[in-house]
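Please examine the structure shown here.

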Amino acid sequence: MKAYTLICSLLLALTVSAEGVEPNLKWGKPTQEELTMTEYALDKDADAVELFRQADVYYEFINGDFRVHYLVKCRLKVLKPDGKRVADGSVVTRGSESNTIRIETVKGLKATAYNMENGKVVKAKMESSMIHEEQLDKTDKLIKFSVPQVRVGTVIEYEYHLESDFFYELRDWYAQKDIPVAYTKYTLSIPEWLSFHIEESGMSHLEKKEDDGSITIGNEPVATKVQTFIGRNLPSLKDDDYVWRAEDYGCKVTHELQGIYIPGAVYKSYTSQWSDIDEMLAKDDEFGGRIKRSSPLKDEMVAAGIPQIADAKERVEATWKLLHQRVRWNGGYAFWAKSGSKVLKDGTGSNADINFLFINMLHDAGIEASPIALRLRDRGRLPITHASMKYLSTFVVGITLNDSTMVYFDSSAEDGYLNVLPARLSVDRARLIKKGKPGEWINLQRVAQATERTLIQATLDGDGKISGTMSRALTEEAAASLRKRWRTAKDSTDVIHQIQENNSMEITGYQLQGRHDFSPNLRETITFTTQCSSTGDIIYLNPLVIAPINKNPFTAETRNLPVELPYKQRETINVALTLPDGWQVEEMPKPIVLKFDGITASIMFRQSGNQLSTVYKLDIQQTFFTSQQYPDLKAFMEKLVENCKNIIAIKKVA
């Protein structure tokens, strides 16, 4: 009877959760249902679930200044082995090396793991030794913590109190996570002296209500506006290969300070436009002040004759090659940079360190260059409506080759070239910063493109064996991708093995021309053999010889998030296959033409004597597809894969 009662309780709990009734809000006391649940009813594949999260944000006025407090509590349930990752948490705090007046501190960080052992609840508290601090850069610090004794079935609770002197920059609040969220609540209390523009966005629904409150300033009560946002049964936001940052599309609340009004004083506006940020950066000694400086390598440039090179693009290339000999990227992205002399002395630096050196060297070479400030693609888009320095994370170099052409480069592009940026930097919103000139929006995505042109010349024998050569000319992003593949591989054998496995071929020769060149071009030549299926007088083969795509990248039936492709792509494959004497195609396939919003594909066939020619073309000129377009995109790719794997029969006639 007890077992039956427990099962009924569990089913009731899951039903109640699904219907959106209030969850367990008693802190430090997980319920029996929470401790014994084995799956989340609304997402049975989830490896963990956030049962409850609460963030209370409020102000106090102390020592003549405002301070903002964030009280955070969270309860999670581990459902599968991979879900144990939620035992590791972190909090980023802000400060400044140049300004120690405004800081952020974390207090009261506690965490507890609850496990059922022999029918009893066993608690394991986090020790102080499990909390670590890491300095991320000159302004940000990461506080990391790890909850002990976490396994499948564990309920985790953690809480902390963050005090911030940055009262004018409230932290954005994200309702959704990479795991489903059963219940979350965000309460924000703002004094009437502070005017914020508060924006709610996302694809799921949040409940919202407003109340009145008060805060004591001096001995006087000051009214506050209290806003509460509640999310129930929110689906997980899972990053995948075709979305840059899932959080961009999840439920969130953002804030922008518009002004401060203190009774008896003049209203002061804090609303910033991006033009204000442009001007601020241009005037900053550590940013705009560095743009026109001369390079420590100026004498070496003159000795190498770089300023005298007539062609502007060749001058840029020579400048980069000289700099690349002296300093290497350390793998980090930054916005602020160390001095050029220190970077050269160390021989390594962040992309910002090296980019400033490159800008200075280009000026010494008579080339106009400017920083283009941006937010890394996996951290979200720059908001257009509310400008703030906090959104900027790095910059790339905009290089003016003539009066009308600007190209883009970043020192982290180890495998790239001009206009060939790492994907994290290929953003659609970036700000060009020019001293003495207005800034402007730059779309770095529009220049990113991959082009592949392949020629396969092969011969089929009577036993169904194909022997041939495949020559590929790759440019821009396609060339950078192959260079990276070789650079990051364990050894050449590993790369060759992968090519053979992916294409069901045996490689007998391999050449790669231009692998280490600073160039947009790369050429790959492969000699190979592959075996077709045959039954005496009939050979079955793919007229493309090597299928350009053999698996649909989109397998899910439905999708909540859009599809974001990294860049535009164009691919052409020309196949010239010589058939053995006395053999011919039993039935020539019909031409194939597929079209979908911004994508076209075609496969054409022609036979002349014993020559079978096949031409494949794929042109992707749209890189963003909504979740509503996903079913059609999936169907298009399924059809393309199907046609790329089509088999035709070659029949012996003499």
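**The enclosed space and its setting**

W244, R245, D248, R377, G380, R381, V427, D428, Q445 and E564 line the largest cavity, where lining residues have an atom within 4 Å of a point. A cavity is a set of points, on a 1 Å grid over the protein atoms alone, where a 1.4 Å probe fits but cannot get out. The model is predicted: local features need pLDDT of at least 70, side-chain atom pairs count only at pLDDT 80 or more, and totals for chains, interfaces and linings use all residues. Residues are numbered from 1 along each chain as its sequence is written, and side-chain values use heavy atoms, with hydrogens and water left out.

The space in this largest cavity is about 90 Å³, a volume being the space filled by probe spheres set on the points, which are joined across faces, edges and corners. Its lining comprises six charged residues (Asp, Glu, Lys and Arg), two nonpolar ones (Ala, Val, Leu, Ile, Met, Phe, Trp, Tyr, Cys and Pro) and two polar ones (the others, Gly among them).

The protein chain has 11 helices and 36 strands, taken as DSSP runs (H or I, at least four residues; E, at least two).

Zero disulfides, pairs of cysteine sulfur atoms within 2.5 Å, are found in the whole structure. For C74, the nearest cysteine sulfur, that of C251, is 17 Å away. C74 is buried, with a relative accessible area of 0%.

Notes:
1 Å grid on protein atoms, 1.4 Å probe; cavity = no way out; pocket = protein on both sides within 12 Å on 5 of 7 lines; lining within 4 Å. Buried < 20%, exposed > 50% of the residue type's maximum accessible area, 1.4 Å probe, protein only.
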